[in-house]
Amino acid sequence: MTPGEAGTHAVSGGGFATSAAAAALAAAAVYALAAWRLRRRGDAWPWQRDGSFAAGCLALAHAMLLPGPGGPFTAHMAHHVVTAMAAPVLLVLGRPLTLTLRSLRPGRARRGLLAVARSRPVTWLVFPPVAALLDMGGLWLLHRTPLLAAAHHRPLLDAAVQFHLLAAGLLFTFSVCRLDPVRHRWGLAVRGVTLLAAGAAHAVLAKTLYAAPPPGTAYEGADLRAGAQLMYYGGDLVECALAAVLAVEWYTRRGRAVRPRGRPRAAVVSAGGG
């Protein structure tokens, strides 16, 4: 695969890319409608969640339909950072599962969705080390084997690869943030260590790509280095965002633990400040 041919890889999914973009925009519309109905009946739902989910859907649609910046490999990496890392964070912060459960009336549909969310297969899929292995393992397989080159010439394989990267990114982000209700909620220590390990694996992969292109490709040196740097620093930014989510959860939990039961927050602050 030549660099020129590879440059279209990020948007070469054809039907899959178009379908994914349409699904993302449709999901944004459905989310907005559900949030509107929730507020209309008097329930509270933070507006920042609407903005986060809408931004994730728009970012995903943009990455699927439009070519990335720079050379072929840089464009490919921009596509990866947006669809497999940044967009999943924005989507998960919108808490779509929680919104769906709150929007549904008590009945078979709600019980069925909750049963699926708390089933054993889902429990293991959102076990942070398993989710990280699926996510980072897929990235290593794509970039350190001839899979990337082969996917360009096989539309179905290309669609499968893109679907896996998006699904694995969502799964990993969901498992680390732990914002929506699932059967088993893993602790901060497990999720924090998993995030550090996944971040290290992502950084090492970026460094190997800085030195050598994926097998079967022939990217130019400057383009290869720019793409690898984008992967490295873009990954750092997204991982810092996930670390911030964990830090906020720890701070909130710590505040609840040290606040005496039945005592107002203001009294605790006043006592601490004295």
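Good morning. The largest pocket of this predicted model holds about 650 Å³ of space. A pocket here is an open set of points on a 1 Å grid over the protein atoms alone, where a 1.4 Å probe fits, with protein on both sides within 12 Å along at least five of seven lines; lining residues have an atom within 4 Å of a point. The volume is the space filled by probe spheres set on the points, which are joined across faces, edges and corners.

Of the 27 lining residues, Val-92, Pro-96, Leu-97, Leu-170 and Phe-174 are the closest to the centre of the largest pocket. Helix H10 gives the largest share of this lining, six residues. Helices are DSSP runs (H or I, at least four residues), numbered from the N terminus. By class, the lining comprises 25 nonpolar residues, one polar and one charged.

The second largest pocket has about 410 Å³ of space. Its lining counts 16 residues, and Ala-34, Arg-37, Leu-99, Ser-103 and Leu-104 lie nearest its centre. H2 provides the largest share, seven residues.

I turn to helix packing. The axes of H8 (residues 128-143) and H10 (residues 155-177) come within 8 Å and cross at roughly 150 degrees. H8 is therefore roughly antiparallel to H10, a term for angles over 145 degrees. Axes are lines fitted to C-alpha atoms over the stretch in contact, and angles run from 0 to 180 degrees between N-to-C directions.

On sources: residues are numbered from 1 along each chain as its sequence is written, and side-chain values use heavy atoms, without hydrogens and water. Local features need pLDDT of at least 70, side-chain atom pairs count only at pLDDT 80 or more, and totals for chains, interfaces and linings use all residues.

Definitions and conventions
Helix = DSSP H or I, 4+ residues; strand = E, 2+ residues; numbered from the N terminus. Parallel < 35°, antiparallel > 145°, perpendicular 65-115°, else oblique. Nonpolar A, V, L, I, M, F, W, Y, C, P; charged D, E, K, R; others polar.
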